[in-house]
Amino acid sequence: MIRINCPFCGERDHSEFGYGGDASIKYPALDASIDEWHDAIFLRENICGMQSETWHHTSGCRMWLIVERDTMTHEIKSVRPAHDGNAAVLAAESAGGNS
Amino acid sequence: MTRFSAWAVFKAGLSGQKNWDRQWRDPEPKKEYDVVIVGAGLHGLATAYYLAKNHAVGNIAVLDKGWLGGGNAGRNTTIVRSNYMMPGNRQFYEHSLRLWEELSHDLNYNVMFSQRYHVSLFHSPAARDNAARRYNTMRLTDSDGELWDLETLKAEIPHLNYDNARFPIIGAAVQKRAGSARHDAVTWGYARGADSLGVDIIQNCEVTGVTREDGKVASLQTTRSTIGAKKVGFAVAGNSSRLWQMTGLGRLPIETHKLQAFVSEPLKPLLDHVVVFGVGGTHFYISQSDKGGMVFGGDLDWYKSYAQRGNLPIVQDVAECATAIMPCLGRVRLLRHWSGVMDMSMDGSSFICKTPLENLYLNAGWNYGGFKAGPGSGWYFADLIANDRPDPVIERMNLDRFRRGVIIDERGAGPDPKLHG
């Protein structure tokens, strides 16, 4: 079992989460060329080693997270909220700000 | 090499069955080969065998980073079938099934291919109609397929959960020519066949680098030596992306995921067929091996991984499926479980194709289905390498299909590799 330390809920079993995929993918502009869209949608680095990926805490806070995880050892290096706005709220909370 | 026959067994019996030859050599790699296949799994070995046999190519090597049968050739549930519907898949898998039917004779090696029926249960009128469409479409390619009503199914397989199942069974789609085979025997049979035709099978020889010259692969660096090659074929499903990136060609439409499989303690004969159960998000397939073990599997582990070991939530999922469909298995103990890494492609279908490098050929993207495909894959990959053009049957299995919008999405799941089970 992989344990993911959700920044909102704390450490939980990975079975609470849904795996999204490669978090390094940047989608091009809507009017970008077919080639750019093809590459973003269909091609993958498929890294063997540390990769940045999205997980969805489906049975918890339902937040999307960005997890750095080794795809060979399953070791997790970092977990953070996928959306900057949520990250900012967390940062404010930990600084003793208004929640 | 001794040809296997009743007479050979009798003769060897006179010396206590102790004087059989080695089944294949363990040669040192040469400096150069006409064709080097990377990956001595079922697909790589079959490719080498058919290159030598069908196309009279001499001087072939098959390299493997481990030992024969140590990768996915030894990490599967040995199901063989051809119930595919999409053009491109249908013809290919039917050809592969036909090769399976003659394989033991062709290889002079008993691959224990047992055409014991592949029985896909259905649980709703919609699923039945869908199965009817699929199995009728298969018949266009001369595959066999039929639908069983509940009475027929009960008579054939009496101990499924017909009484109080969450998803009541209403019938099954059946391919009678489908079944299972002995995974080690297939690998060993192809290795022995290829070796006897002069192919060098080089184990413990991992490719660590690819040298390019003038738009071609010039040589492969390996953990044993640098090996030159006039033509190179990659057949390393699970690790295709890693090898591909060594060629400097960028990314493939593939993600690597792992799939677990399980075997129980041996039981007396219980299940004569391969039974498949898939409804409401479940996916489960089970058969009984000749030793009596119940061999079964389910879904992927749901996250990308190169680790050849599985996680526990899937053990629970699969056990739940097993007892849902066959409650009589509730007290049976698991003997072993294992995990293999799969090339999960963006449309759930495979690649047997040319590449941007003139003398490099790719065989990849087998998803869950590589075992049954092995003979057909070797057959057409050998043909592609020998003739430098795809046979019409595999024309659609190219890397360009996503760009051109002619994907082969058997499941209709879209470009998310983990969904193509």
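## Basis of the values

Because the model is predicted, local features need pLDDT of at least 70 and side-chain atom pairs count only at pLDDT 80 or more, whereas totals for chains, interfaces and linings use all residues. Residues are numbered from 1 along each chain as its sequence is written, chains are lettered from A and ligands numbered from 1 in the order in which they are written, and side-chain values use heavy atoms, with hydrogens and water left out.

## The interface of chains A and B

Chain B contributes 25 residues to the contact and chain A contributes 24, where contact means heavy atoms within 4.5 Å. About 2,300 Å² is buried between the two chains, 53% of it from carbon and sulfur atoms; buried area is the accessible area (1.4 Å probe) that two parts lose on being put together, summed over both.

The rule finds 2 salt bridges across this interface, a salt bridge being a side-chain nitrogen of Lys or Arg within 4 Å of a carboxyl oxygen of Asp or Glu. B:R403 pairs in this way with A:D35, with the closest N and O atoms 2.4 Å apart. On the side of chain B that touches chain A, the elements giving two or more residues are α7 (240-246), β12 (254-266), β15 (293-304) and α10 (401-404), and β12(B) supplies the largest share, 5 residues. Helices (H or I, at least four residues) and strands (E, at least two) are DSSP runs, numbered from the N terminus.

## Helix α6 of chain B

Of the 14 residues of α6(B), 12 are buried, that is, under 20% relative accessible area, with exposed meaning over 50% and partly exposed in between (1.4 Å probe, protein chains only). Among the elements that cover these buried residues are α2 (42-55) and α9 (370-387) of chain B. Just after the helix, B:G198 takes a positive phi of about 100°.

## Salt bridges within chain B

Over all chains, the count comes to 28 salt bridges. One of them joins B:D34 to B:K230 at 3.0 Å between the closest N and O atoms, linking strand β1 (residues 32-38) with strand β11 (residues 226-234) across 196 residues; B:D34 is partly exposed at 26% relative accessible area, and B:K230 is partly exposed at 48%.

B:D290 forms a salt bridge with B:R116, the closest N and O atoms being 3.6 Å apart. Here B:D290 is exposed at 58% relative accessibility, whereas B:R116 is buried at 11%.
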